[in-house]
Amino acid sequence: MADIRTIKIFLASSEELENDRNAFGNLVRRLDKIYEKRGIRIELFEWEDYDAAYNNRRKQDEYNDQVRASDMFLALFHIKAGKYTIEEFNVAKEEFRRTSKSPKSYVYCRDLQGGEKESAELVAFKHRLFDEMGYYWCRYNNKDSLQLHFVMQLQLVENNRMDDLKVQDGNVCLGDTPIARMDSLRFAAGNEDYRRMSQRLAELPEKIEKKRLRIEKYPDDKDLQDELQELLNERNHLQEVFEQQQQFLFDTAKRIAQLQGGVVTDRMRRAMDAFEDGNVRETNIILDEAERDADKNLVDYKRSKEITEQKLQNVLSSIDELLLKTTTIMADMSIAIEERIAKTMNLYQQADHLANEVDYDKEQYDKLLFEYAVFLNKYGKYKEAEGIYLRQIALSEELYGNENTNTAISYNNIGGLYRRQGNYSKALEYDFKALEILEKVLGKEHSDTATSYNNIGAVYDNQGNYAKALEFYFKALEIFEKVLGRKHPYTAWSYNNIGFVYYRHGDYAKALEYYFKALEIREKVLGKEHPDTSQSYNNIGLVYYNQGNYAIALEYYFKAVEIREKVLGKVHPNTANSYNNIGNVYNNQGDYDNALEYHFKALEIREKVLGKEHPDTATSYNNIGLVYDNQGDYAKALKYYSKDMEICEKVLGKEHPDTATSYNNIGGVYNNQGYYKKALEYYFKALEIREKVLGKEHPDTATSYNNIAFSHLYQEDYQNSLEYFTKALLIWESKLGAKHPYTLSTKVSIYIVKAKLGDKK
């Protein structure tokens, strides 16, 4: 059995905070059970400062020894400040100065209520804390606030990160355990934008339900339907923005937790106070001064003949202030998101420049670069993110070596970046580096290791290497089933991924088996009207569609669209996806009128919501072109295929797989018209992209070989036709197997060509 690590906590408070202390003790007992599974025990020593009773039995030296042996020292204050609590704090700070490790000291001060006044001793203590040490305490006004402060700091003591903390369904959670309600935290509840959005989200369900009831009475009233859609659109958009706001506010709270316990400037103290009261705009006004002063502090530092500790500290404080503002700017919803992103990029760039110019702590620099790269990656600045990631990885390897989870996280993140860019070889290189560390450090049955297996599976899936994709997806699934259970959403996610590979592989029976497993969990855990449940219905419909079982495909597609229309509304991108899928079924059934009806419904939504130059809008143009192509209306088919191609070339570039598909389809129209040379021109343009981007063994590349072979066949160029059919067959057999319909049909084509050549072998 692995060694158990113990985190020792000394909690000191006066008798006036008995309720807070009891709540804290209950929290620690809950956390101890959670952390025990991670090989950590939490040991709490509580001391209540009764000054009068204390004088008769001097045991303070024993308690001071307990303080010195602790990993965390916590002191709770409200109105009074007992002399022994203050003595213990001093002991803790002195021990930390001596060892530079522990105990980490934190002071929590409960906010005063109307008429309450701090004692002179507490006022003097707080002045000394801030004026002499630059130390600023944690403010709290209720149990949730106290618990959140502690759990954030416990995470920092445990692993120097707060990755396990997340905002979920209005709660701050440690893993799946709720720690605090966002509505109970003043930095959220006191925020004007947060309150406005929260109130509106609470009002909308009743308004939506009333509108639905009206529509039941008057189903043909177009105005009522439009009004319902407006309410649904408002709710969907507001929910998304509200969740972003919750995350931005929480990110700021985490940043402040990282700063507390260290040196804090008066400006930072004022900014922290403003944020704690919910006034994020005032926070940014205060920090505007920091942005202006940062470069001046650096110039002053560099010009100084004698580098003083204070001048260095000024620059270091400027870095802290800039990093604090990266989160507060993002939390200010009065600023347009594009402007917030641009401002935040500038703040990170400025902080990076300052850190590079001074003797900045390397561990702190590693965190700075990590955050900077994650931010750039999140907002699609991939080129900039790559450079920062590579710098951060080099620093992480220098600091922690190649067998540390911090380094693994860095490898994993840049692997994800390369995966999104389509650079699969680089993605695999870094994903395997991350996996090697996680298997060694965390073990082969840890959920983080499972996520790493899943990431590698996703790369192989994108490459068309389905056997390898399944290998790693099954490894991930085995861990999720064992660690999280067979009814967890992550397990459903794994089932879904495996089902998708089988679907792409053409093994429809297996695909349905795993899609139904995912559906069962989602219906039970998330409910029958959850977007993820609709995704499962959609995926099942897709399998039946590809099997040619169009009636059952429509049944599941309509289940998906029913949820999406109800939950998301009739003018939502996901609803458009459902209309698109239904249109595809009707097209394959030869019901072209219904096919065009649904494809044009999808197109109308996509043009309105996503714009006329969005890739999904291009997909609608393509699908409409396909219907006209099947009808033999080649002029209209080319018109819509060309619209698709124009968007793909402009938005995605001339070397993107979707652009290749567009070229392929245009080639198909010319082929159907008998313009074989023109068809080959476009087929070869598609092939060039696919060979370069996807590789010469990808199923889409095989599709190009197959189409080129048919064009040669129709021109009676049997030798070239045989060459390309053979190339396609080798890929189909390798990637999809001997019994896949594509493999079998290509074998038939080869037999026909050989017969034409006079070779019936």
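In which helix is Gln-246 found? I looked it up and found Gln-246 in helix 9; helices here are DSSP runs of H or I with at least four residues, numbered from the N terminus.

A note on the source: I am working with a predicted model, where local features need pLDDT of at least 70 and side-chain atom pairs count only at pLDDT 80 or more, while totals for chains, interfaces and linings use all residues. Residues are numbered from 1 along each chain as its sequence is written, and side-chain values use heavy atoms, with hydrogens and water left out.

Entry on Gln-246. I checked its burial: Gln-246 has a relative accessible area of 6%, so it counts as buried (under 20%, 1.4 Å probe, protein chains only). Leaving out residues up to four places away in sequence, I see Gln-246 touch Val-167, Gly-170, Met-182 and Tyr-194, a contact being heavy atoms within 4.5 Å.

Entry on helix 1. I followed helix 1 over residues 18-36, and its 19 residues reach 27 Å from first C-alpha to last, close to the expected 27 Å; that expectation is 1.5 Å times one less than the number of residues. Its buried residues include Phe-24, Leu-27 and Tyr-35, and also Asp-20 and Arg-21.

Entry on the lining helices and cavity. I searched the whole structure and got one cavity of 30 Å³ or more. On a 1 Å grid over the protein atoms alone, a cavity is a set of points where a 1.4 Å probe fits but cannot get out, and lining residues have an atom within 4 Å of a point. Helices 6, 7, 9 and 10 each supply at least two residues of the largest cavity's lining.

Definitions and conventions. On a 1 Å grid over the protein atoms alone, a cavity is a set of points where a 1.4 Å probe fits but cannot get out, and a pocket is an open set with protein on both sides within 12 Å along at least five of seven lines; lining residues have an atom within 4 Å of a point. Grid points are joined across faces, edges and corners, and a volume is the space filled by probe spheres set on the points. Buried means under 20% relative accessible area, exposed over 50%, partly exposed in between (1.4 Å probe, protein chains only).
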